[in-house]
Every structure is written in structure tokens, then in C-alpha cells.
Amino acid sequence: MKNQLRLLRTERGWSQAALAERLGVSRQSVNAIETGKYDPSLPLAFAIARLFELKIEEIFEDESGEEALAAE
Amino acid sequence: MAKGNFFRANKRYHRVFWPLMAAYVALCFGGSYVINQGWVSGTVATAAIAIAVAAPIIGVFLVMLRLVEETDEYTRLRQLKSMVQGALFTISVAVVIGFLQLFEVVGQFWTFWFGPIFFVAWGLAQLRHHFWGKTV
């Protein structure tokens, strides 16, 4: 799943550690999400969306969903 | 997923982990010394010392479990996957050694080594998750 987390974070001048602290998760979690190694749970995705005052789909892009639509 | 959970959980873990490790080292040396000096006799007393020496390690396992329960979702998933892989590797080694012993290919194996084998396998599994592949 692609996401805009790194872009949103750097726009605000936050480090990964600073974002992690705001979300109450580890810096490794932020890094894993940014690099696409980990897709967050729904509650964490909502927390991220709330923090950046955006909708979840404005941050996370469901590639598998798009591929399925393209295949139809 | 309350704010700061991960950091509080980590602090709690270290606050208990290091005293347990210190107790383990002290009990290891102390227990061996007491046994070697012949200050205790009888199976029950010797077994009590053996269990006392092992107790901090059991405590570490419990603290690790609590950390896994309290930490953030990504760390929890990574730790659990690594633990399961480490445990499966250790059990596999135990089964192979068991059959090697049964068929008299190898002699006695010190079962004490299964602890370190698990911890090393767990650590290697964590490294694998850290450097390669998608976690979920």
C-alpha cells in the first residue's frame, strides 16, 4: 500500500521520532509504514489521518483495489 | 493505542529486565558456590537452588510477554513473528537431536543450550524482518 506519510511528515518538519511520539508508536513503526514494509491497522490509520487532518484515502492508496478495478 | 504507550511499555520493560538479569547473574554464581561448597545436601534443597537460579529467566519471559502485549502494533507483530520463528527453529533442533540420540548417532546433549539457541534464533529472525521483506 502506497502512502504519503513521509511527504506529510517532512512538510511539517517533523522527524520520524517526533511523529512516532505524536502517534504513540515506535519510530520503527513510522519508518516501516513510510517504506511500505508495514500497512497500519485501521485505528492507527485513523489516528494518522486525524493528526494530519486528512481523510485516510488521501494518505493511503490501495494499490490492490486499483489493480482489481483495472482488471474488471 | 493511547499516546505514549510504546515508550511507557519500553520503560517498564527495562525497569524490570535489568534487575532480573542482575539477579540471574548473582544467583548463577551464588548457587554454584553454595553447591560447590557443599553447604546444602539432599535433592529437594539442590532442586530449590536450581529453580531459584532459573526463576529470573522465567521472569524475563514473562516481562517479554508483557512488553509484547503493551507495545505498539508493528513492534508486537514483528516480535511475535520472530518469537514464533525462533521457537519453531529451536523445537526443530530439539527434534533432530532427539532422533540423533535415539539412533545413537550423538551422545548426551546439554538441554540447557535450548535457551540460548532460542534467543539467538529469535534475534536472527528479528534481523531478517528488519532488513528484508514486508512485515505484513
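What volume does the largest pocket have? In this predicted model, the largest pocket has a volume of about 830 Å³, and it lies between domain 1 (1-71) and domain 2 (72-136) of chain B, because both domains give residues to its lining.

**The largest pocket**

- The lining of the largest pocket consists of 38 residues, and those that lie nearest its centre are B:Phe17, B:Met21, B:Ile57, B:Val60 and B:Phe119.
- By residue class, the lining of the largest pocket divides into 25 nonpolar residues, twelve polar residues and one charged residue.
- At least two lining residues come from each of helix 1, helix 2, helix 3 (73-102) and helix 4 (114-131) of chain B, and of the contributors helix 1 of chain B gives the most, with twelve residues.
- A general point on such calculations is that rolling a probe the size of a water molecule over the atoms shows where empty space is left.

**Salt bridge within chain B**

- The side chains of B:Arg12 and B:Glu70 meet in a salt bridge, with a distance of 3.0 Å from N to O.
- Since B:Arg12 lies in helix 1 (residues 5-36) of chain B and B:Glu70 in helix 2 (residues 43-70) of chain B, the pair ties together parts that are 58 residues apart in sequence.
- B:Arg12 counts as partly exposed because its relative accessibility is 26%, a value between the limits of 20% for buried and 50% for exposed, and B:Glu70 is likewise partly exposed, with a relative accessible area of 25%.

**Salt bridges within chain A**

- A:Glu34 forms a salt bridge with A:Arg6, and the closest N and O atoms of this pair are 3.6 Å apart.
- This pair links distant parts of the chain, with A:Glu34 in helix 3 (residues 27-34) of chain A and A:Arg6 in helix 1 (residues 5-11) of chain A, 28 residues apart.
- The two partners fall into separate accessibility classes: A:Glu34 counts as buried because its relative accessibility is 10%, whereas A:Arg6, at 40% relative accessibility, counts as partly exposed.
- A:Arg12 forms a salt bridge with A:Glu11, for which the closest N and O atoms are 3.8 Å apart; A:Arg12 counts as partly exposed at 35% relative accessibility, while A:Glu11, at 55%, counts as exposed.
- Through salt bridges that share partners, A:Arg6, A:Arg9 and A:Glu34 are joined into one network.

**A residue of helix 2 of chain B**

- B:Glu69 lies in helix 2 of chain B, and B:Glu69 counts as exposed because its relative accessibility is 58%.
- Between B:Glu69 and B:Ile117 the separation is 48 residues in sequence and 24 Å in space, taken from C-alpha to C-alpha.

**Confidence of the prediction for chain A**

- Chain A averages a pLDDT of 90, and 89% of the residues score at least 70.
- Among the elements of chain A, helix 1 of chain A has the highest mean pLDDT (96), and helix 6 (residues 63-71) of chain A has the lowest (67).
- Where pLDDT is low, the predicted coordinates should not be read in detail.

Key. Residues are numbered from 1 along each chain as its sequence is written. Chains are lettered from A and ligands numbered from 1 in the order in which they are written. This is a predicted model: local features need pLDDT of at least 70, side-chain atom pairs count only at pLDDT 80 or more; totals for chains, interfaces and linings use all residues. Side-chain values use heavy atoms; hydrogens and water are left out. A salt bridge is a side-chain nitrogen of Lys or Arg within 4 Å of a carboxyl oxygen of Asp or Glu. Helices (H or I, at least four residues) and strands (E, at least two) are DSSP runs, numbered from the N terminus. Buried means under 20% relative accessible area, exposed over 50%, partly exposed in between (1.4 Å probe, protein chains only). On a 1 Å grid over the protein atoms alone, a cavity is a set of points where a 1.4 Å probe fits but cannot get out, and a pocket is an open set with protein on both sides within 12 Å along at least five of seven lines; lining residues have an atom within 4 Å of a point. Grid points are joined across faces, edges and corners, and a volume is the space filled by probe spheres set on the points. Ala, Val, Leu, Ile, Met, Phe, Trp, Tyr, Cys and Pro count as nonpolar, Asp, Glu, Lys and Arg as charged, and the others, Gly among them, as polar. Domain bounds come from an automatic or database domain assignment. pLDDT is the predictor's confidence in each residue, from 0 to 100.
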